[in-house]
Amino acid sequence: MTSTKGSKTAGSVDISTLHQNDRSLLTALIGKKGISLQDAARAASLNPDSVMRSAFTLSASNLLLINESKSERLVLTDEGKRFLENRFPEQRVLDAAEKHFAMDRLSEEEKKVGVAWASRLGWVKVSDGKLQVKSKPQAYGIYDALKLIGQGKAPDKASAEQLVKRGSAALKVDKSFSFTLTPAGESAAKGAKELIISGTSGAGAEVNELTHEMLSTGSWKEARFRKYNTSAPVETASHGAAHPISAYVSRIQQIFLNMGFEEATGNEVESSFWNFDALFTPQDHPARELHDTFYLKQPGYVEYPKDVAERVKEVQEKNWKYSWNPSVAEQAVLRTHTTCISGRKLAELGKKRSRPAKFFAIGRVYRNEATDFKHLAEFYQVEGIVAWKRANFRHLLGVLSSFYGQLGMKVRFRPHYFPYTEPSLEVDRWDEGRNQWIELAGAGILRPEVSMPLWGAYPVLAWGMSLERPIMAKLKVNDMRSLYTNDLEWLRNTEIKD
Amino acid sequence: MIMATMTFDRKELEQFIGKSRPLEEIVDSFEMLGMPVDKATEDEIVADITTDRVDMFTVEGAGRAIGQFLGISGPRKYKAEASKVVMNVDNVPARPIVLAFIAKGVKLDEKMIRSLIMAQEKLHETFGRKRKKIAIGIHDLDKVSPPISYRAFKYVTFVPLDTDKEMSPADILKEHPKGKEYAHIFDGVTEYPMVMDTKGVLSFPPIINSERTRLTDKTKNLLVDITGTSESAVRSTAHILATALYDRGASIENIKLKMMQGGEQNSLIFERKEKLSLKFANKTLGLRLKPERAIELLAKMGYAATAEEGKGAKSDTITIEVPPYRADIIHEVDFVEDIAVAYGYENFKPDLPKLMTIGSLKPETQTENNIRGMLVSSQFNEINSWTLTNEETDRKALINDSGVEIKNPRTNDFTRFRTDLLPSLLSALAINKTRGLPQRLFEIGRVADAKGNCSTHLCCVITAERASFSDIAGVFDVVKSSLNATAEPADAGKEFLIPGRSVRFIRESGKIEGKKREADGTVGSIGWCGEIHPQALENFKIDYPVAAFEILLPTVVPAKAKRASRRKAK
């Protein structure tokens, strides 16, 4: 290696023409061997992508050795993810067989893939176009293996091979890099360090960046621009995003606005009166028990309007035949549904001669439940109300069809029971992936015992649903808690699409 | 709880449907009646029965409902003969209501016993509020020595079911498994209810029967007692069991109650007639049913109904005989729903209400949406956290405000409502330590003060190699016009902020654009902006600096909290 006066060179490379990042990396690596990408990034105060770009440049000039190591791991394919959520077609076929479904209720996939596997495994047999259970397995090993992969763990080898063969899982190669300077690199690094200290740069050098000065003086005309390695990996620009729940709430707000509904809001801390009594819930009802509802120590009691209470008391005593206790109604709770908001709003409209209205509420509600993958102690509820003396049951079905149609859902209605509506119905949504109807929302006409004391008339159409379930279906999320984990990676990469 | 899961034997169910039917048809009928089927096999059907139809908790009742729905059978008349047995009823304050009846000519096979026990258990559990509101005792009538009575005892002994020794009520509540399970019902009670005959105790409701009158496979005749706290619930239960046994071929005898304070009454009152206005039904459903059609639909639901002869207002009134087992009919709308169910929900033509209204969002919701948009375009990521938190988390964030406290928390995680958003944001930064820098997060979320007034806050945080006051103050500048707030150069005085590096926010009340601010026009501090104290960061194990601001958004009308009331709730 030689060194010429006036310019510092290393091999055929003129250090002064190196990009500032390249020089930073060189100096950061002096005297270190096999330093990892992350450590190099920290030492050079560069981000990992810039380090990779510089490392490629330096390696091309034989100043640096890049050591690439690979490791393999199993990941789920799209099909695998779908099976993780909906289970394997053969498992679904077994279910169908247990429920005595006819063959034509199976999806194409279940017919083609599921029946074949389920028969081969000896779970079911088909006779006269009907499914019959032969033997029900205790567990299904490869589904357990699929779950393990979903959790980022490694299943046993045989299951892994079977899943790869079926196309439910695939091997993914993770690359990692480490760097060591070559001897030429070491000496160039020392030169570069001096250069950084002296702050000079060689005359007539290639130019790294186009600057304001070059443009204003016109010196860019003599400049030669250093070529970039444009194939080196780049860092993704950071971007902001609304939380998926907010995004979905905005969509629902828009639909309500389209349909002429006004928004109503309310307080999460409520009196038992608005949460229960005003909705015709007797004071001995199990829903009011401590294990379903959060009662409060502070504030212990919340006021409620005495004029509405008079009417509620009368209805309660007449129908439930007990002596209504005003201090029970005063107990403070965390509201268990958004219907308290509707109750208050109806009472307000009731004072204006049962003014007709269409309104909606979206808010957090609380249940005294242990949190797990499908139960939360707090979640969102959406509620819609049509208070109109000429409304009827068909209007309720029409409003529901329109609302869920705009959310892109295919729905059906079936009879159900709710304590404060009559007639009542349940809205089911067709789930394409699971090939079945899934419970979505409750609806009905508020009982006269509810609507008369509040709004002063009948009928009031009402429906409500939790917000988390449709969002989970949309995002293909299995664990309800993940909506509240606030993992930045998930938040950045999750988008509510139509 | 609005549903109970019931398992029905297929053969037994078909016996009460009146005909053997394909499984699909039975499943469909359950679902069209509003009872989702969990599982159906050749041998049994598992269905969720909603608690408005407790009559369908019995296999007899479920079969009857399906048979009528499918048109295999029609509305039924139930009869009860007057029994020679009478019951003398004392004043029993702990459990004031009692009724009893006799069912003769019952064949107690294994299946029937299983069905009877299942129905009894589910009735106790749901309708009976875990035996508090109603409880059922069933005895072998031929082992009973009438007359019978219902009385309150401080002390009496008998041999309870499944034991072989004489026990007093106190012994039973302390030692017998059923006694221990339901002992709480008698908290503070010193005189216990007993159903007696001339030889002693028949049952100690709602705990246990006597061994003496236990049912066996030779039992032909039953004595059924129902006790409780609500007359209507006790009566409905008696009717449900009596009609079920009647459907099984038993003959039912009504026991007359002789009240100690005078007067007599029958245990079973099968006759009940109500009126329905067809106009009201049609208006509510949006249909134009003729009386004959309405009567046909009511028959599918088990009602015998008749319309008045004639035209106009006369034919509008339909007289309905309500079957004694229906515990849920309290208003005309209950008939209306049954008409809708019989009509089939899928046969209704959806229609949109012709009610012109203008859609609108609350101003505070619009503000939230605006702020969210501005922050997202400033490369902030929105988070969404639990509003419930605990003392530990607040303490870590150096927050000592007192807020809403839960009386009956289930876990240590959720014991209070948050007063500030900052702990939620710091928790989020702590879990995202591996997600690279910088991080810019915000939350628009609900908080509550100690009086229970809830409001919406906005909190923004930045964490990076360097994150200073000026970085976060710049973000505040982006959104401040929507917040209608100004920063005052006074230290926020918060323990979780580095002293001397913060400001507090104020909002002018009633501010009008372009007008001068009144001298007293401020409403005090509504938030702060500054650098988070390293102690708080260390508590959350955050090892990069954090700059943040939190501010109150316009609030909605709050609930009026009361000072702890002197009146104590029961």
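**A two-chain model in questions and answers**

Visitor: Is A:S45 buried or exposed?
Guide: In this predicted model, A:S45 has 11 other C-beta atoms within 10 Å. A residue counts as exposed at 12 or fewer. Therefore A:S45 is exposed.

Visitor: What is the phi of A:S45?
Guide: A:S45 lies in the loop between α2 (37-44) and α3 (48-60) of chain A. Most residues other than glycine have a negative phi. A:S45 is not a glycine, yet its phi is positive, near 50 degrees.

Visitor: Is A:S354 buried or exposed?
Guide: A:S354 also has a positive phi, of about 55 degrees, although it is not a glycine. Its place is the loop between α15 (339-350) and β12 (357-366) of chain A. There are 20 other C-beta atoms within 10 Å of A:S354, and a count of 20 or more defines a buried residue. A:S354 is therefore buried.

Visitor: How many residues of strand β8 of chain B are buried?
Guide: B:Y192, B:M194 and B:M196 point one way from β8(B), while B:P193, B:V195 and B:D197 point the other way. The residues on both sides are buried, so the strand is largely enclosed by the rest of the structure. The count for strand β8 (residues 192-197) is six of the six.

Visitor: Which residue of strand β9 of chain B stands opposite B:M196?
Guide: β8(B) has an antiparallel partner in strand β7 (residues 148-153) of chain B, joined to it by five bridges. β8(B) also pairs in the antiparallel sense with strand β9 (residues 200-204), over three bridges. β8(B) and β9(B) form a hairpin with two residues between them. In this pairing, the residue opposite B:M196 is B:V201.

Visitor: Which residue is the bridge partner of A:L296 in β19(B)?
Guide: The two chains meet where 89 residues of chain B are in contact with 90 residues of chain A. Strand β10 (residues 296-298) of chain A and strand β19 (residues 405-406) of chain B pair in the antiparallel sense over two bridges. The bridge partner of A:L296 is B:I406.

Technical notes. Residues are numbered from 1 along each chain as its sequence is written. Chains are lettered from A and ligands numbered from 1 in the order in which they are written. This is a predicted model: local features need pLDDT of at least 70, side-chain atom pairs count only at pLDDT 80 or more; totals for chains, interfaces and linings use all residues. Helices (H or I, at least four residues) and strands (E, at least two) are DSSP runs, numbered from the N terminus. Two strands pair if DSSP finds at least two bridges between them. Two residues are in contact if their C-beta atoms, placed from the backbone, lie within 7 Å.
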